[in-house]
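Hi everyone, thanks for having me. Could you put the structure up on the screen, please? I'll start with the ligand and then move on to some rings.

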Amino acid sequence: MTIRNRIALQFSLIVASILIIFSVLIYFVSATYRREEFYDRLKNKARTTVRFLIEVKEVDRELLKIIDHNTLTALFEEKVLVFDAQNRLIYSSVDDQVIHYRIALLNDVRNQKDVETYSGQNELIGLLYRQNDHDFVVLASAYDQFGRSKLANLRLTLGWGLLVGIGITIGLGIFFAGQSLQPISQINQQVSTITARNLQQRLDEGNRQDEIARLAMNFNDVLERLHQAFEQQRSFVSHASHELRTPLAALKSEIQLGLRRPLTVTEHEAVLQNLMSDTDRLIDLTNSLLFLARTLETSNQMPFLPVRIDDIVFMAKDELMDAKPNYRIDIDYKNIPDSETETVVKGNEELLKQVLLNLFDNACKYSDDHTAQVKISTDTKQCQIIIRDQGIGMADADRQRVFEPFYRAQNALGYDGFGIGLSISAKLIELHQGTLTVDSTLGEGSTFTISLPHV
Ligand code: ADP
């Protein structure tokens, strides 16, 4: 069942139940009111009749009967019977009919003084009338023709009203449910046209206020992120092939040069040396690409545990110094941490070490003195690692792009590297809920700052 039909059905059921409850209530209240009113009329009739009969000497039975038959307010099938203490019928307003009554009823009236009951379709009341120590029982019955026909009319009106009301409710339910779900159908249509090829397409965000508009806005955010991821993937592939093509082209021209004419042994050696260094570069590049792919793929599944970031800083320094002994890395605390936990962050030791290795390596690589100044600083919320060098620095335009994969500043082209490290580092720090920022002046040096929330 569609949501539209379900909402319409629920709405109709609720309104129909309310209508039915109200109709039944109105009917029962009216029916009770009619009965009470009719009993009151019967009682008045009974009292008047017995009073005329017993107390007014001028009125005898025959005269009373004439009065009874000729009053304008006579009721339909009206009967009034008066009994004395010995259950003898001393007055009957009708002579020509067989009169049924039960002795038990007369006794009930004597006990309860006032009885309201039915005789077939007719209402019947019994009253005890006491006069000079003589008890009389009066029974009065009649058919409430007027009241019952009014009630039948009400039943008919309520029945039709209910049918029409429920019909209108179902119609309105379907209409309004359709109206309020219309934007969702539109979004549905728009979403079905979005494919990997047109990820830049966006959904209509309507009034940007209601729930459906917010759904569209969130979906657009997801589309934006997907689009960026696709674009990154695309540019990664084109950059990677470009990076691979350059050393391969160099290899090819070396080989062509070697084949062009017979070479001496020394020339052969030189060609092979060149081939060797180009192959090394290719291997380095392939390793970096593999590392990039593997890190991005597996970083989500790496365990994140509380680790001491200052320990990792020292580990990264030792590892880099082992590989490149001519580098210098000075580590210092900017402030004494207030507590033990201020340098403990929730993260992965291996990934954080990769980030620090990359930043230390860059600082030493891009500065003549091959020196990196590292400062560890903490506050109540964050722990910061600041890596400063006095190297080549970078222009403002480069500073804004160095975190893009394969981006290398013009002044860095003379140094080894592929422009992959910083993009991986930024992603890994983002994964740790932290930030990696850079501040730099061309020709003076750069400062990279890692900020991580501590536990
Ligand atoms: P790579 O160093 O292999 O080129 P990175 O991703 O680590 O790759 O760095 C990207 C670019 O950022 C570098 O090519 C360089 O232009 C710039 N860069 C990074 N670190 C520094 C630094 N300490 N000083 C100057 N430029 C830097």
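So, look at asparagine 358: one of its polar side-chain atoms lies 3.4 Å from an oxygen atom of the ligand. That's a polar contact, meaning a pair of N or O atoms within 3.5 Å. Lysine 365 also brings a polar side-chain atom, 3.1 Å from an oxygen atom of the ligand. With glycine 419, it's a backbone N or O atom, lying 3.2 Å from a ligand oxygen. How much of the ligand does the protein bury? Taken alone, the ligand exposes 520 Å², and the protein buries 97% of that (Shrake-Rupley areas, 1.4 Å probe).

Quick word on the source: this is a predicted model, where local features need pLDDT of at least 70 and side-chain atom pairs count only at pLDDT 80 or more, while totals for chains, interfaces and linings use all residues. Residues are numbered from 1 along each chain as its sequence is written, and side-chain values use heavy atoms, with hydrogens and water left out.

Back to the ligand. There are 22 residues around it, and Asn362, Tyr366, Asp389, Arg408 and Leu422 come nearest; being near here means having a heavy atom within 4 Å. Which helix gives the most to that shell? Helix 8 does, with 4 residues. Helix 8 (349-365), helix 10 (421-431) and strand 12 (445-453) each supply at least two.

Now the rings. Searching the whole structure turns up 4 aromatic pairs. In one of them, tyrosine 27 and phenylalanine 28 have ring centres 5.8 Å apart and planes at 80 degrees, so we call the pair edge-to-face. The cut-offs: rings of Phe, Tyr and Trp (its six-membered ring) pair if their centres lie within 6.5 Å, and planes under 30 degrees apart are stacked, over 60 edge-to-face, the rest tilted. Are these two residues buried or exposed? Tyrosine 27 is buried, at 18% relative accessible area, whereas phenylalanine 28 is exposed, at 52%. Buried means under 20%, exposed over 50%, and partly exposed in between (1.4 Å probe, protein chains only).

Phenylalanine 175 and phenylalanine 176 are edge-to-face too, 5.2 Å centre to centre with 70 degrees between the planes. Phenylalanine 175 is partly exposed, at 45%.

Definitions and conventions:
Polar contact = N/O pair within 3.5 Å; in protein donor to acceptor, adjacent residues only side chain to side chain.
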